[in-house]
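Please look over the sequence and the structure below. A short report follows.

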Amino acid sequence: MKISAIVTLKKEVLDPQGKVVNQTLKNMGYKNISDVRQGKYFEIELDEKDPIKCKEIAEQICKKLLSNTVIENYKINIG
Amino acid sequence: MKSSIIVFPGSNCDRDIAVALEKFKIKNQMVWHNDANLPKSDLVVLPGGFSYGDYLRTGCIASKSRIIDEIINHTKKGGLLLGICNGFQILTETGLLPGILLRNKELKFISKNVFLKVTNLDNNFCHNYKKKNIIKLHIAHNEGNYFANNDLLKKLEDQNLIAFKYSDRNGNINDNTNPNGSSNNIAGILNSEKNILGMMPHPERMIEPLLSGEDGSLMFESLFNKK
C-alpha cells in the first residue's frame with residue numbers, strides 16, 4: 001500500500017524559507033498572497049494491505065524519524 | 001582521563017578535536033558510529049561536520065546510529081558527553097538535550113569569530129572559565145538558530161542550564177550580538193545533571209595562540225582537571 005506524509009513547521013516556528021518565497025511571489029506581481037509556509041512531502045511504499053496497520057506504521061515513522069515534533073506537525077494519507 | 005570521539009560519515013572536525021584532547025593529555029580513541037561497543041571513556045565527543053549530508057534534518061540520521069544507545073548508557077552512568085556544532089544538533093535529535101537547531105535566521109552560512117559569555121561556570125566543561133568568562137570562539141554553521149518554546153526557555157533560565165550566550169566583547173547580550181537568531185542568544189546548553197553539553201561554537205579551533213586564540217583551551221583544561 002502507498003502512504004504519504006506531509007511534514008510542516010508548527011505555526012509558532014519561524015519559517016524563513018517560506019517568508020522568502022512569499023516575498024519573491026509578491027515581487028513577481030502576486031500581490032494577493034498573504035502567507036507561505038514550506039514543508040516536506042514523503043511517498044512510502046509499504047508491503048502491508050491492512051489500512052489500519054499501515055496507519056499505525058506511518059504514525060510511528062512520522063514520530064520517530066520523518067518529523068521532529070518539537071517544531072513540526074505531520075499529516076498522513078493512506079492509499 | 002579517557003575520551004572517545006564518535007566518527008560519522010560526513011564528520012569533519014573529528015581530527016581537530018582529537019588534536020585538542022591530546023594536547024591537553026586526554027587519552028583519546030576514534031570510534032566508528034556503527035560500532036556496537038563504546039570503549040571505556042570518561043568523555044564522549046560528538047564532533048562537528050555534516051553527518052549524512054544533513055539529510056532530512058541536521059543530525060537526524062546520525063541520531064539513529066548503532067553507537068547511540070551505548071552513549072545514552074554512558075551518560076546515565078554520569079559519563080561526560082560533549083556535542084559541538086553538528087554534535088549539538090545530534091544531541092537535540094536524540095532527545096538528550098531539549099530544543100532544536102533551526103536554519104540561521106538570515107538563511108546564510110555563518111563562519112566567523114564571535115564573543116560569548118560563559119553563563120554557567122559550575123560544571124565539568126566550564127569551571128576553568130572563572131578566570132575569564134567573556135571569550136572569543138569560532139562559529140561555522142547553517143543551522144545554529146537554537147529554538148525553544150517559552151516554557152523550555154524559562155526552565156533553561158531558571159535552572160541555569162545555559163552554558164554560553166552570544167555577546168559582545170564586554171559581555172552585553174542583545175539582538176545586535178545574536179548572529180543567527182537563537183532564542184535568548186543561546187549558544188550552548190547543559191542537561192539538568194550537567195554532564196551533557198551541546199554548543200554551536202568550536203572550542204577546538206582556539207587552542208593555539210599562534211594560529212587563532214586560546215579561549216578554547218580553557219574548556220579542555222576544565223575537562224582534564226575535572227571538578
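The contact draws 7 residues from chain A and 8 residues from chain B. Two residues are in contact if their C-beta atoms, placed from the backbone, lie within 7 Å. The chain A side that touches chain B has 5 nonpolar residues, 2 polar and no charged. Here Ala, Val, Leu, Ile, Met, Phe, Trp, Tyr, Cys and Pro count as nonpolar, Asp, Glu, Lys and Arg as charged, and the others, Gly among them, as polar.

This is a predicted model: local features need pLDDT of at least 70, side-chain atom pairs count only at pLDDT 80 or more, and totals for chains, interfaces and linings use all residues. Residues are numbered from 1 along each chain as its sequence is written, while chains are lettered from A and ligands numbered from 1 in the order in which they are written.

Chain A holds an open sheet of 3 strands, ordered β2-β1-β3, with antiparallel pairing. Strands (E, at least two residues) and helices (H or I, at least four) are DSSP runs, numbered from the N terminus. Two strands pair if DSSP finds at least two bridges between them.

| Strand of chain A | Residues |
|---|---|
| β1 | 2-9 |
| β2 | 39-45 |
| β3 | 72-78 |

β2 and β3 of chain A are the edge strands, each pairing on one side only. From one strand to the next, the twist averages 20°. Helix α2 (residues 51-66) of chain A packs on this sheet and touches β1, β2 and β3 of chain A. The direction of α2 makes about 155° with that of β3(A). Axes are lines fitted to C-alpha atoms, for helices over the stretch in contact, and angles run from 0 to 180 degrees between N-to-C directions.

β1(A) and β2(A) pair over 7 bridges. V7(A) has K40(A) as its bridge partner in β2(A).
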